Amino acid sequence: MAKVRLCIACALSLLAVQSRAFTVGGDNGVAFHGSVQTDILFPEEDDAISTGKYDHDVLFNAYADLNMISRYVDAGVRVEFMKWPLPGYENDFKGWGVPHIYAKGRYKGFELTAGDFYEQFGKGFILRTYEERSLGIDNSIRGGRLKVTAIPGVRITALGGVQRRYWDWKKHSQIYGADAEISIDEISESLRKHDVGLSVGASYVLKHEDDQEIMIPGTDYRLNLPTNVSAFDIRSDFRKGDFGISGEFAWKGQDPSFDNDYTYGKGTAVMLSTNYSTKGMSVLLQAKRSENMAFRSQRMMSGTSAFINNMPAFAYLHTYALPALYPYATQAAPGEWAFEGSFAYTFKRKTALGGKYGTKVKLNASYIRGLDHKAADTTIPGVISGTDGTSTSFFGMGEAYYHDINLQVDKRLSKSVSITAMYMNQMYNKTVIEGKGGRVKTNILVLDTKWKMTDKLTLRNELQYLFTHQDEKDWAYGLLELSVAPYLMFTVSDMWNCGSTKTHYYMFGVAGNYRSNRLALSYGRTRAGFNCSGGVCRYVPATRGFQVAYTYTF
């Protein structure tokens, strides 16, 4: 059986290797392109890291995309095979078939799509559907969409359909929406002459969902659930030269769900962001307040693929292993106040701080707190279902959820050697974000050194250390990476808990690129934890085994 499973993944890869992108009919003809992705794990049980037992000898996720592009008509299809998915994906993720198929026609500023598609209105406060394979997210809409750009400076979108969740399309729940955005600077010649950019936009989303029998705990009363939930969004962006400012406000109607304990309070979100960028310097400051903005196509659904919208996290996205050990996930249902600031400056060459090659310094800070929720007015102590929920004041703040301040310095020491050094101070409220664990306070040091030995050989080394008295206490991390341009890369790393568990998470790997093919082989342990992207997180269990990752594009 294991050989059969492996052959299925290999067959998809072989299909890609034998495929070639081609165009028929010249510049106005038809072009075909696509990709294949296969991620395979041969798991091994490891009691030291609590992997548990596996039901199958081979686990893998496989995808194959084919798209046709022409002047007036596009079409595409995606085949997925996740009969035995990688660890960490929910049980509903298992399956195989054709979850994505579409046809798109366009003519003179009009574009009509039928089938499966992804869409985002504004920052995504009331609508964002997307695919993120590393998180197991694909909440595409199956239906129809019309985009109109026939009027200069004006973009209009209207759509309707049902949302995908794993291998199910919830036909008893529908999503409808419309969005309009006007780029005033494209219409006004005067604004363009003065280097001013100005746009305004507005969105509307309607979720229709059948009523369900949900009882108030401890009573015989059934909740009267709304079958239609509306959400609105307005936004504006202004730019003058190197300076820009943008704002957005969203409102959501009564939407009882398991996220808010089936209460009837309305949801709001407001964001303000400003930035300044010029040669050698950039500044970003932004703030966001959100409350009760968890918006799902099904009120009783769980999991990240059930969301219609997305609330972005105002926290720096770290790529180093130890700074990313405690990633922040947006708390959309209770709400939060979030602040983020970033400042980058490059000291010029041949100055006291710039030295011979110049020095780049970047300072980032994030600070996130809950709202000051006041107790709900209830008739049954401890039961808020059926009420308006807790009350808050706009500027009031509650418990601290997260903070992160980090300073990063990029410096070239010679023509062949460069370094990146970083210090980070962090507070991670594990009880709020993960459900238990208290507050974790960390201090982290990172030193990343790159040595270009020859035109083809580059050696990179990472040394990281995390100090904390909470959770599993201190961690150390080391990595060596040898790149042989343009085809090969060899890596060896170890993340060691030198605090309480004394466990090593070692990994050995080699990756190769040839034309449009990429093959990566690795063996080692992966620590249990959260994999996050844009404030959305998925729990990944600990694993050990041999991994194969293959991608091909054409």
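Student: Which residue does Asp46 form a salt bridge with?

Tutor: In this predicted model, Asp46 pairs with Arg544 in a salt bridge, and their closest N and O atoms are 3.4 Å apart.

Student: Are Asp46 and Arg544 buried or exposed?

Tutor: Asp46 and Arg544 are both buried.

Student: Which strands does β30 run antiparallel to?

Tutor: One of them is β2, which is joined to β30 by 9 bridges in an antiparallel arrangement, and within that pairing Ile40 stands opposite Val548. Another is strand β27 (residues 517-526), which also runs antiparallel to β30 and is joined to it by 10 bridges; here Thr526 has Thr543 as its bridge partner in β30.

Student: Back to charges, then: how many salt bridges are there?

Tutor: The count comes to 36 salt bridges. As a general point, side chains of opposite charge can pair when their charged atoms come close.

Student: What does Glu80 form a salt bridge with?

Tutor: Glu80 forms a salt bridge with Arg78, with the closest N and O atoms 2.9 Å apart. Glu80 has a relative accessibility of 3% and therefore counts as buried, and Arg78 is likewise buried, with a relative accessible area of 3%.

Student: Which residues are linked with Arg78 and Glu80 in a network?

Tutor: The network of salt bridges links Arg78 and Glu80 with Asp65, Glu131, Arg133, Asp138 and Arg164.

Student: What about helices: how far apart in helix α3 are Glu189 and Lys193?

Tutor: Glu189 and Lys193 are 4 residues apart in helix α3 (residues 189-193), so about one helical turn separates them. Their side chains meet in a salt bridge, at 3.8 Å from N to O.

Student: How accessible is Glu189, and how accessible is Lys193?

Tutor: Glu189 is partly exposed, because its relative accessible area is 48%, whereas Lys193 counts as exposed because its relative accessibility is 66%.

Student: New topic: which residues form a positive surface patch?

Tutor: Arg349, Lys350, Lys356 and Lys415 form a positive surface patch.

Student: Where does Lys356 lie, and why does it count as exposed?

Tutor: Lys356 lies in the loop between β18 (336-347) and β19 (359-371). Exposed means over 50% relative accessible area, and Lys356 counts as exposed because its relative accessible area is 55%.

Definitions and conventions. Residues numbered from 1 in each chain as written. Predicted model: local features only at pLDDT ≥ 70, side-chain atom pairs only at ≥ 80, totals over all residues. Heavy atoms only, no water. Patch = residues over 30% accessible without salt bridge, like charges linked within 9 Å, V, L, I, M, F, W, Y side chains within 5 Å. Areas by Shrake-Rupley, 256 points an atom, 1.4 Å probe, with all protein chains shown as cover. Salt bridge = Lys/Arg side-chain N within 4 Å of Asp/Glu carboxyl O. Lys, Arg positive; Asp, Glu negative; His and termini not counted. Charge placed at Lys NZ, Arg CZ, Asp CG, Glu CD. Helix = DSSP H or I, 4+ residues; strand = E, 2+ residues; numbered from the N terminus. Buried < 20%, exposed > 50% of the residue type's maximum accessible area, 1.4 Å probe, protein only. Pairing = 2+ DSSP bridges.
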